[in-house]
Amino acid sequence: MSTSLNADALTRISGADVPAYDRTTVVPGIVHFGVGAFHRAHQAMYLDRLLAADPAAGEWGICGVGVRPADAAMRDALVPQDGLFTLTLKHPHGEVETSVIGSIVEYLFAPDDPEKVLERLSAPATRIVSLTVTEGGYNFSPSTGEFDAGNPDIVADLEGSAPPRTVFGLVTEALARRRERGVPSFTVMSCDNIQGNGHTARSTFLAYARLRDQDLADWIESNTRFPNSMVDRITPATPPELADEVVTRTGIVDAWPVVAEPFTQWVLEDDFSMGRPALETVGVQVVDDVTPYELMKLRLLNAGHQALCYFGYLLGYRYVHDAASDDDIRTLLLRYMTEEGKTTLQELPGVDVDAYIDTLLERFANPAIADTIARLCQDSSDRIPKWLLPVIADRLATGQRSELAAAVVASWTRYAEGTDEQGEPIDVVDPLASELVPRAKRSRTDPLAFVADRELFGTLAEEELFTTPYLSALESLRTKGARATLTELLS
Ligand SMILES: NC(=O)c1ccc[n+]([C@@H]2O[C@H](COP(=O)([O-])OP(=O)(O)OC[C@H]3O[C@@H](n4cnc5c(N)ncnc54)[C@H](O)[C@@H]3O)[C@@H](O)[C@H]2O)c1
Ligand SMILES: O=P(O)(O)OC[C@@H](O)[C@@H](O)[C@H](O)[C@H](O)CO
């Protein structure tokens, strides 16, 4: 027998762990923007663990907020389910665990009622505003770090003739109300994959606030905390068959289930203006400085994903685990990580980076979670400049070539041409696709055309230590193909 997921149904569910705590007493102390797959597999899971472990933690429930039109689908899934959803963890050798997560106690779709979102944000009980709005969501130039004040949504929010529609507009208006009402500032906690994600959140929110009101910006600068964090759990987009699998295994009918790998890590800087949940009691590493951890993760795992995905796609793979099991790709990953990425990391006392790399290769090869190459290949212009180019730049600063990272940039260029080695079209999903695809094509006759864009690549096109291996790999990809290019590169 199957049961539709909602608060009343919890007592009838026997096929999965369900929240044993009293959700009616849990109030939102955290407002989260960007309730996607990852937030639900990671932060919401940690808060669920905390609520289960500590009855006094009931002030740290989550209110999820969606701002984009596409988030109406999350509203339609979560609101009828009272915020409940299933999280399924899949181990590489077949073991599967499903649990119902109860920490999201409210979901608001901002376009339906922006004022309700503003009042939730302004409420004294709201002490943390957290974000997983993707790397692109911070609206800054990767090469200069400048906030993009020309973004039409930002322009509209600053103009102020309609209710705010961006995270920047909503959060800043709420901070203005708190200041006016004498309510202390909440903490803005970024959980996106950006190096110094707290610093980035701080500089972008302050940049927006300065454009709106200098005094308010000064108040935010003095009162709002922006902790940095390293977050990790590979969480694919929900595959269409997951809902049926969950029904078959647990009897639970869930409109939008989540699947993830069992591994999870969260390293969080202890810098909060109005207190924080006792996350260290449920496995979060709360530290003074997350920099070494985030560099390790972004430059090995996330940059490693980029090393895998374009070559993997061109070789014909569509799943990450299949590409990660290819000998050439595995060697590329191992060598990029150990010979290039690892050389740019900071000291990590007590962490065995080689063991970490071995774990990454195993995690990438987990067939059970069926992570897709398409997920890793999207939004490259938001990802490569934040994870891979800093490795190249750091090594250039000490006169070192990064032959493998340069080849990865070449593989992105070849992919961005929009046609694979069999002449089939590639769906290049990127906010800059309309500029990138023509530039990638043009680089057949004007070889540096793709990397000449200073906005994305800075001055890399003028660095011979970069252009030589880049052009050589690109030429080889075009004339000999991905397999021969990898074989020669790795020989
Ligand atoms: N999926 C993972 O494995 C993983 C792991 C670690 C960290 N992350 C971080 O989480 C982010 C989201 O990943 P996901 O898997 O949940 O993706 P997702 O596509 O499932 O969800 C993304 C969410 O962000 C929102 N969003 C996107 N752009 C926005 C913007 N400009 N303003 C406001 N909201 C915006 C979307 O509406 C959606 O709610 C990643 O970009 C990354 O920084 C993801
Ligand atoms: O989600 P993104 O855009 O930050 O990047 C794609 C993947 O590299 C990323 O989601 C990883 O799976 C994740 O960072 C693992 O913790």
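Which domains does the domain assignment of the chain give? I began there and wrote down domain 1 (3–287) and domain 2 (291–490). A reminder to myself: this is a predicted model.

**Entry: how the domains sit**
I looked up the spacing next, and the centres of domain 1 and domain 2, taken over C-alpha atoms, are 29 Å apart.

**Entry: buried area**
How much area is buried between domain 1 and domain 2? I found about 2400 Å², with carbon and sulfur atoms giving 59% of that area. I then checked which residues of domain 1 stand out, and Pro142, Gln195 and Ile234 came up. Together they supply 25% of what domain 1 buries against domain 2, more than any other three residues.

I turned to charges and found three salt bridges between domain 1 and domain 2. I also looked at Arg383, which pairs with Glu135 in a salt bridge. Their closest N and O atoms are 3.9 Å apart, and a salt bridge here needs the two atoms within 4 Å. Polar contacts came next, and I noted eight residue pairs between the two domains.

**Entry: the domain 1 side**

Conventions:
Residues are numbered from 1 along each chain as its sequence is written. Chains are lettered from A and ligands numbered from 1 in the order in which they are written. This is a predicted model: local features need pLDDT of at least 70, side-chain atom pairs count only at pLDDT 80 or more; totals for chains, interfaces and linings use all residues. Side-chain values use heavy atoms; hydrogens and water are left out. Domain bounds come from an automatic or database domain assignment. Buried area is the accessible area (1.4 Å probe) that two parts lose on being put together, summed over both. A salt bridge is a side-chain nitrogen of Lys or Arg within 4 Å of a carboxyl oxygen of Asp or Glu. A polar contact is a pair of N or O atoms within 3.5 Å; within protein, one must be able to donate a hydrogen and the other to accept it, and residues adjacent in sequence count only if both atoms are side-chain atoms.
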